[in-house]
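Good morning, everyone. Please open the structure on your screens and follow along as I go.

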Amino acid sequence: MRRAAKPPSSSSRLNSLHIPSITTKQLAKPRKFVVGIDYGTTYTSASYFACDLQDRNPKAFPSDIKSIVNWPGDMEGVRKQVPTESWYSFVKKPRKKQFADQDSDDYEDTDVDEIPRKKTKTSSPTVESLAVTDCKVDNDNLDQEASYLWGYQVHHEYYDNTTRDPGRRVQRSKSMIVTTKYTQDDRRLLRLCLNQLIDEGLIRKFRKDATDRRDVRDVILDFLAEVLKHIHKQLIENEGFTAECMVEFVLTVPVIWSAFASRVLQDAMEAAIVESGFGSLSDLFIITEPEAAATFLLGNSPNIMPGESFIVLDCGGGTVDCVTYTVGSALPLRLEQELCKPSGDNCGGSYLNDNFSRRLLDRLHDEHYLDFNGQTRESIVHHLVPDFENRYKRLVDITKRPANSVRVSGLRGDKQRGLSGPDAKRFDDNSLWLNTEDYNAIFLPLLNRVANVLKEQLEEAAARKKRPKKVFLIGGFGASPSIRSYLTEYLLKYSETLSLRDEIELISPPANHDSTAIVSSGAVLRALNKVNGPKRLPTSSYGFLRVEPYQPEIFPQHKEAEPFTDPLDGERYVEVIEWFMVMNQPVPPVHEFKPFLSCHDFKKDTEHLRCEEVAYVSDFATKSHYGLTHEENRHAQEAGRIVTDLTHLLKDEQSVPRSPEGTIQGDAYYRIEYNIVPFVKGRNLLYHSVYPADASGTVQATGQISIAAAFRPGTG
C-alpha cells in the first residue's frame, strides 16, 4: 500500500474539396501542428496550422488557418463541424485510462509494497485503475447494432427507423459541466441518459454513492477520442503528418467556466489523447470561446483601438452566450477581463428543430387519417426535420416573407376537401405550405430571447459608462439569415430609441470563411502568439498528501485531524495535505519549488521497494497541514501520482538504509528517504523523485500534470 511521507516537509478541412499540394520536402520534414478544438454543446469543430519545428515565432493570418472536414457520415465532405452527439450500443467500450480521482472498487495496487497502516476515511478517494473491468449486461435486451456511433452517424441513424435504444443517445453533454439556470432542462434529460449508461455498465460513475457532474467524463472522452482519431487521419492524408511531428492542442471554453469546469474537459481530453494515440497534453493551451472568436475577427483589424469596448454574441446550437470586452492592446490583440457579467440563455439554433416539429404537429392536429399502417403524424414530422435542418433553417430569412412546401404523403388538399378562404388550411394533395406566419412561429420565440441576451449586455455596459459600437455575431446559429436580419433591425431601433450618436454595428464573419469554425480557428491564432496574456496567477492550489508526526503544539491544524499509531515505531501521525503552489500567488513560467522530504518504511522481507506520492488540486484550499477530511480540504481532488521504484537497492541489502533495532515489532525495517522536487514549466507541473535525499541524489522517477486549467484562459 501507499505510504506517504512522515517527516514535515521543507517549506515550500481542409477549407474546401481542394487538397493542398505537399512537396516531398515537406513530407520529409517534421513540423509542429497547432490544433484548436471547439467542443460545443451541439457541434464541435477543429482547426490547425502547421509550421517548422524550429520556428520559435510562427506567424499566421486568418486565411492561413485550415479546418478539419470529411467527418464520418458527412456525405458532402465539406462541413467544418460535427454534431456533438454519440450513441452507445450494448457493447462496452474498452478504455485505456482511469481518471486519477475516480472511484473504483476493482482497483488493486500492485505497484506499491509498503507496510499497511491504518488509513483515515477520506471524502476524496485516492485510487487509480489502469484498466476497466468487465460489467454484466442484460443479454435479453441487446440491440442488434453493436457499434458506437458519433457525429453525423447519429443523425443518420436517428432519422432512419432505427431499432437502437433512444435512451443511449447522448446530446448536449457539455451542459452537464456548468450549473447555469438556463441549461437546467438539458441537464435533467442528460442525467436520465447518463444514469441508464451507468446502470448498463457502458460508462463509469465518478462517485458510487452520489450524483456528480463528472459522471459525464466518459461520454466526453469517448467522443473526443473519435474526433482526435479523425483529425490524425486527416493530417496524415492531407498534410504529411508523421510520428516525428509535434502537436500542441488548444481547447476553447465558455467565458463563464470555472477552473473546475475547465479541468473536467482537460481531464477528458487527456484520456482521449491516450485512447486515440494522437498527440500529448504537454503545453495544452486554454482560451475562452469569445476571445478566440475576437482574435480571428479582429486580430489584424485596423479598426480596433485600445480602450474600445465591443460585444461578442455567440449563437450556438444549444446556448447563446454574450460577453462584453474592452481592448487592452490592439497589436497583438489582447482583451481586458470581461467588462460585465456574461449573459446567456438556452435558445440556440437546435431548438428551431423543436419549434418546427411543434408547428407542423399543430398544423396536422386534425389529420387523424394520416395515422395508419404503423405511421403516425409524429413519425411523419420526425422524418421532415433533417430537410428543415439542412435546407430551410439555414437559408430562410423571416424578414423576406418566406414560403415553401413540405411533402406529407397522404395529406388531403384544400381543393379536394372544398376548403377556401378563412377555412383553408394551406394544404395541397401530399404537401403542406409554410408561410411567414409559420416561420415567425418557429423563429421569433428564439430570436426574441437572443435579443434579450444582447440587451442585457448593452444595458450592463451602459451602467459602467461604456457604449459598445460593435457586436460580433458568431456561432452556427449566427450564420442564419433570419438572426442576422433580425438583430440588425433590433440594434437600429435600440440606437434610435436611445438617440445614440453612433449606430451599433452588427458584424458577421467574412463571406469567405465558414462561421462554424471561427472559434477553433481563432484558438489556433491566439496560441501562436501567447505574449502579453493574463498574469500567471493560478486559480487552483496544488499539493501533496503527507503523513506528518502528530505535533499539535507546532501545527495547531493537527488538533482537528485524527491521528493514528504507526505499527512499527509506535509514533502517532496524521494524514494531511501540504500545498506548495497556492492559488492567487504568482507563478513564473519556469519555477522550482522547495523539495519535500519523503520517508517510506518496508518490512525487511519485502521483495520490492516501490513508493508512491499522491498530488491533489483544490480551487479553494490555501492552508497546509490540515487533515485530508478537514473542511479546508473538502473540495480537494486527486490530480496525479508518482511511483518511485527503488527495488534495485535490494541487490545489495547492506546499501539499503535501515531503521534502528528495537522497534515495536522487534525487527529492523527498511527506511527509504528521498526528495520530491516539484517545478512548473509553462502550463505543466512536473515533479521528480530524487534519491538519496542529499547532494549526490539522482532522479529516479518523474510525473507530469497539465495545469492549464489552473490559470485564467489565455495565460501563456
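This is a predicted model: local features need pLDDT of at least 70, side-chain atom pairs count only at pLDDT 80 or more; totals for chains, interfaces and linings use all residues.

Let's start at Leu 265. It is buried, with a relative accessible area of 2%.

Where does Leu 265 sit? It lies in helix H5. What does it touch, beyond residues up to four places away in sequence? The list is Tyr 39, Ile 220, Leu 224, Leu 251, Thr 252, Val 253 and Trp 257. Now look at Ala 709. Leu 265 and Ala 709 are 444 residues apart in sequence. In space, their C-alpha atoms are 9.0 Å apart.

Stay with H5, and follow the chain out of it. Helix H5 covers 259-276, and strand S9 covers 285-288. Phe 278 is in the loop between them. Is Phe 278 buried or exposed? Buried: its relative accessible area is 1%. Leave aside its neighbours within four places in sequence, and Phe 278 contacts Leu 228, Ile 231, His 232, Leu 235, Phe 241, Val 247, Phe 249 and Ile 273. Pick out His 232 from that list. Phe 278 and His 232 are 46 residues apart in sequence, yet 6.5 Å apart in space, C-alpha to C-alpha.

Glu 638 belongs to strand S26, residues 637-645. Its relative accessibility is 3%, so Glu 638 counts as buried. Which side chain does the Glu 638 side chain meet in a polar contact? That of Arg 641, at 2.6 Å.

Step back to the whole chain. It has 716 residues, and 56% of them are buried. There are 13 helices and 29 strands. The chain exposes about 31,400 Å², and carbon and sulfur atoms supply 49% of that area.

Next, a helix pair. Two packed helices are described by the angle between their axes and the distance between the axes. Helix H6 is residues 289-298, and helix H13 is residues 518-528. They pack at about 80°, with axes 7 Å apart. Angles of 65 to 115 degrees count as roughly perpendicular, so H6 and H13 are roughly perpendicular to each other. Which residues meet? From H6, they include Glu 289, Ala 292 and Phe 296. From H13, they include Ile 518, Gly 522 and Leu 525.

Now the sheets. Strands of a sheet pair through backbone hydrogen bonds, either parallel or antiparallel.

Take an open sheet of 3 strands, in the order S6-S5-S7, with antiparallel pairing. Strand S6 (149-150) and strand S7 (169-171) stand at the edges. Each has a single partner strand, so one side of each is left without a neighbour in the sheet. Strand S5, residues 85-87, pairs with S7 over 3 bridges. One to find on screen: Glu 85 has Gln 171 in S7 as its bridge partner.

Another open sheet of 3 strands runs S14-S16-S15, with antiparallel pairing. Its edge strands are S14 (404-407) and S15 (427-428), each pairing on one side only. S14 pairs with strand S16, residues 431-434, over 4 bridges. Ser 405 has Trp 433 in S16 as its bridge partner. What packs on this sheet? Helix H7, residues 351-363, touching S14, S15 and S16. Its direction makes about 120° with that of S16.

Conventions
Residues are numbered from 1 along each chain as its sequence is written. Side-chain values use heavy atoms; hydrogens and water are left out. Two strands pair if DSSP finds at least two bridges between them. Helices (H or I, at least four residues) and strands (E, at least two) are DSSP runs, numbered from the N terminus. Contact means heavy atoms within 4.5 Å. Axes are lines fitted to C-alpha atoms, for helices over the stretch in contact, and angles run from 0 to 180 degrees between N-to-C directions. Buried means under 20% relative accessible area, exposed over 50%, partly exposed in between (1.4 Å probe, protein chains only). Accessible areas come from the Shrake-Rupley method with a 1.4 Å probe; for residues, only the protein chains shown count as cover. A polar contact is a pair of N or O atoms within 3.5 Å; within protein, one must be able to donate a hydrogen and the other to accept it, and residues adjacent in sequence count only if both atoms are side-chain atoms. Angles under 35 degrees count as roughly parallel, over 145 as roughly antiparallel, 65 to 115 as roughly perpendicular and the rest as oblique.
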